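User: I have a model open and would like to learn how to read its features. Can you take me through them step by step?

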Amino acid sequence: MLVKAARINKLFGTDGGLMIGLYAGFPEDFDPDTPLMAEIDGLDVPLYCERFERRGAAGAVVSFADIDTERRAAELVGRELRIDTAGQVEEAEEEFRMEDLIGFEATAIEPVHAEEGRKPGRRELKGVIRDYYDSDLNPLFELEIDGRSILVPATEAFVARIDFDRRRIRLVLPEGLTDLDRHD
């Protein structure tokens with residue numbers, strides 16, 4: 001369910017930064033990996049924060065992926081931002097173990113840098129968590145994506161959302177991580 005969360009008030013700088021006004025219901029513990037939704041040409045478009053800095057209780061400075069010029073940012077001024085409250089991780093009464101995520105459907109979002117003639121963007125990969133390797137130094141998930149096994153650090157920094165009811169996890173990964181070959 002999308003709820004109104006903020007309004008884009010004005011430009012901030014020349015590199016696509018924006019000042020937003022936060023509505024009273026904006027989550028105090030907002031996770032910047034959660035996309036903010038804006039209606040553009042009649043469609044709900046997810047905007048992913050590359051920068052999110054609170055400015056007091058009712059404001060923030062943001063930069064969105066793929067919005068890297070003043071001209072592109074200006075197109076967003078005046079728009080309302082909404083946030084999806086469905087599927088957000090609720091405070092669990094029971095503590096879960098990382099092993100409990102084995103078998104979950106995984107969506108991995110990874111930035112892609114610009115190639116000649118193309119702008120930077122994001123790549124979305126779908127797969128399944130096949131295993132969890134417990135280690136104090138570097139716990140890892142084994143993801144199976146397109147028939148390949150990929151090891152991903154099992155860290156809160158990469159987990160954007162866990163939906164226990166639907167057995168799904170959303171990961172936001174650093175560029176190139178899914179391109180690394182696994183060596184046994």
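Predicted model: local features only at pLDDT ≥ 70, side-chain atom pairs only at ≥ 80, totals over all residues.

User: Which side chain does Arg168 meet in a salt bridge?

Analyst: First the general idea. Side chains of opposite charge can pair when their charged atoms come close. Here Arg168 meets Glu105, at 3.8 Å from N to O. Arg168 sits in strand 13 and Glu105 in strand 8 (residues 105-112), so the pair ties together parts 63 residues apart in sequence. Glu105 is partly exposed, with a relative accessible area of 43%.

User: Which residue forms a salt bridge with Glu144?

Analyst: Arg130 does, with 3.0 Å from N to O. This pair also links distant parts of the chain: Glu144 is in strand 10 (residues 140-145) and Arg130 in strand 9 (residues 121-133), 14 residues apart. Glu144 is partly exposed at 32% relative accessible area. Arg130 counts as partly exposed at 43% relative accessibility.

User: Which residues are linked with Arg51 in a network of salt bridges?

Analyst: Glu53 and Arg55 are linked with Arg51 in that network. Between Arg55 and Glu53, the closest N and O atoms are 3.3 Å apart. Arg55 is partly exposed at 38% relative accessibility, and Glu53 is partly exposed at 34% relative accessible area. The count for the model comes to nine salt bridges.

User: What about Arg170: how far away is the nearest side chain of opposite charge?

Analyst: That side chain is Glu124, 4.4 Å away. A salt bridge needs a nitrogen to oxygen distance within 4 Å. Arg170 is buried and has no salt bridge. Arg170 is found in strand 13 (residues 168-172). Its contacts beyond four places in sequence include Tyr48, Thr107, Phe158 and Glu124.

User: Now the sheets. In what order do the strands of the open seven-stranded sheet stand?

Analyst: The general idea: strands of a sheet pair through backbone hydrogen bonds, either parallel or antiparallel. In this case the order is 4-3-7-1-2-6-5, with antiparallel pairing. Strand 4 (43-47) and strand 5 stand at the edges with a single partner each, so one side of each lacks a neighbour in the sheet. Neighbouring strands are turned by 35° against each other on average, direction ignored.

User: How many bridges join strand 3 to strand 7?

Analyst: Two bridges join these antiparallel strands. Leu36 stands opposite Ile83 in strand 7.

User: How many residues does the largest nonpolar core have?

Analyst: It has 21 residues. Among those with the most contacts inside it are Ile20, Leu36, Phe52 and Phe64. Several strands each supply at least two residues of this core, including strand 1 (2-11), strand 2 (18-22) and strand 7 (80-84). Apart from it lies another core, of 20 residues, among them Ala106, Ile129, Leu143 and Ile162.

User: What does Phe64 touch?

Analyst: Beyond four places in sequence, its contacts include Ile8, Leu18, Leu36, Leu76 and Leu81.

User: Last point: is Ser63 buried or exposed?

Analyst: Ser63 counts as buried, because its relative accessibility is 10% and the cut-off is under 20%. Ser63 lies in strand 6. Beyond four places in sequence, Ser63 touches Gly16, Gly17, Tyr48, Cys49, Glu50 and Arg51. Compare Ile40 in strand 3. Ile40 is partly exposed, at 23% relative accessible area. Leaving aside neighbours within four places, Ile40 is in contact with Val45, Leu76 and Arg79.

How values were computed:
Residues numbered from 1 in each chain as written. Heavy atoms only, no water. Core = buried A, V, L, I, M, F, W, Y, C linked by side-chain atoms within 4.5 Å. Buried < 20%, exposed > 50% of the residue type's maximum accessible area, 1.4 Å probe, protein only. Helix = DSSP H or I, 4+ residues; strand = E, 2+ residues; numbered from the N terminus. Contact = heavy atoms within 4.5 Å. Lys, Arg positive; Asp, Glu negative; His and termini not counted. Pairing = 2+ DSSP bridges. Axes fitted to C-alpha atoms, helices over the stretch in contact; angles between N-to-C directions.
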